[in-house]
Amino acid sequence: TALIADLESIRHGTAPRLIARIVRGAAVRRAAAIGAIAGLIAVSILLFVRHNRPQPADKLRVVPFTYYPGYQEDPSISPDGKEIAFVGQGKDGNSPFEVYAQLIGSTDPLRLTKISADSADRSPVWDPSSTRIAFLRTRRGERFARILTIPALGGAETDLGIPSVLATGGLSWSPDGRFLAFAGATRPNEGVIFEFSLLDRR
């Protein structure tokens, strides 16, 4: 049938046209295959670029934690991320700096310390368990500060009795909550970092 017809074509001299038709058909199929592959590659590149295109960043919003008048300073977020401690000047904005703790998202801070007008609390820091806060207390006319701790829910203060604490220094708990680092003076115009053991009190 078809094979016999092809053989007859070859015998009668029509083979060149048949070969040309076969070659032309193969070229068309090859071009179609190449076009399909190129299309797939183009689509893949387009999808990859679209998927990996940098997304516009959300616009940052500044949201206040505190709403009292006056100054609120020295913020410290608890290790569990639920509360913030700070020093502030109270509801009227005229009180000395005292320590407050506030649940994040709340607008009702809890005042932890109450001091006289000649004193100021500074630099509150949370212990690793988020249950206790250490802070500095300064008093007008005194060169050095004191380090105190207080429960995060309020209660009695504990004065650690550490001498020569620099009021301009900060505080830092060790990860295990056993030590407290602070800046202390060793001689005039010289200060170093000390480590205080809360277990041994030294």
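A nonpolar patch here is made of residues with over 30% relative accessible area and no salt bridge, with nonpolar side chains joined within 5 Å. With that in hand, here are some close-ups of this predicted model.

**View 1. Three isoleucines make a nonpolar patch on the surface.** The members are Ile 37, Ile 41 and Ile 45, and together they put about 290 Å² of accessible area on show. Zoom in on Ile 41, which sits in helix H2, residues 15–52. Its relative accessibility comes out at 48%, so Ile 41 counts as partly exposed; the cut-off for exposed is over 50%.

**View 2. S1 and S2 form a hairpin.** Strand S1 (residues 72–77) and strand S2 (residues 83–88) run antiparallel, and 4 bridges join them.

**View 3. An open sheet is built from 3 strands.** Going across, the order is S9-S10-S11, with antiparallel pairing. Strand S9 (171–173) and strand S11 (190–197) are the edge strands, as each pairs on one side only. From one strand to the next, the twist averages 35°.

**View 4. Here's the contact between S9 and S10, up close.** These two run antiparallel, with 3 bridges joining S9 to strand S10 (residues 179–187). Look for Trp 173: its bridge partner in S10 is Leu 180. While you're tracing side chains, keep in mind that in a regular strand they alternate between the two faces of the sheet.

Note on methods
Residues are numbered from 1 along each chain as its sequence is written. This is a predicted model: local features need pLDDT of at least 70, side-chain atom pairs count only at pLDDT 80 or more; totals for chains, interfaces and linings use all residues. Side-chain values use heavy atoms; hydrogens and water are left out. Patches are made of residues with over 30% relative accessible area and no salt bridge: like charges are joined within 9 Å, nonpolar side chains (Val, Leu, Ile, Met, Phe, Trp, Tyr) within 5 Å. Accessible areas come from the Shrake-Rupley method with a 1.4 Å probe; for residues, only the protein chains shown count as cover. A salt bridge is a side-chain nitrogen of Lys or Arg within 4 Å of a carboxyl oxygen of Asp or Glu. Buried means under 20% relative accessible area, exposed over 50%, partly exposed in between (1.4 Å probe, protein chains only). Two strands pair if DSSP finds at least two bridges between them. Axes are lines fitted to C-alpha atoms, for helices over the stretch in contact, and angles run from 0 to 180 degrees between N-to-C directions.
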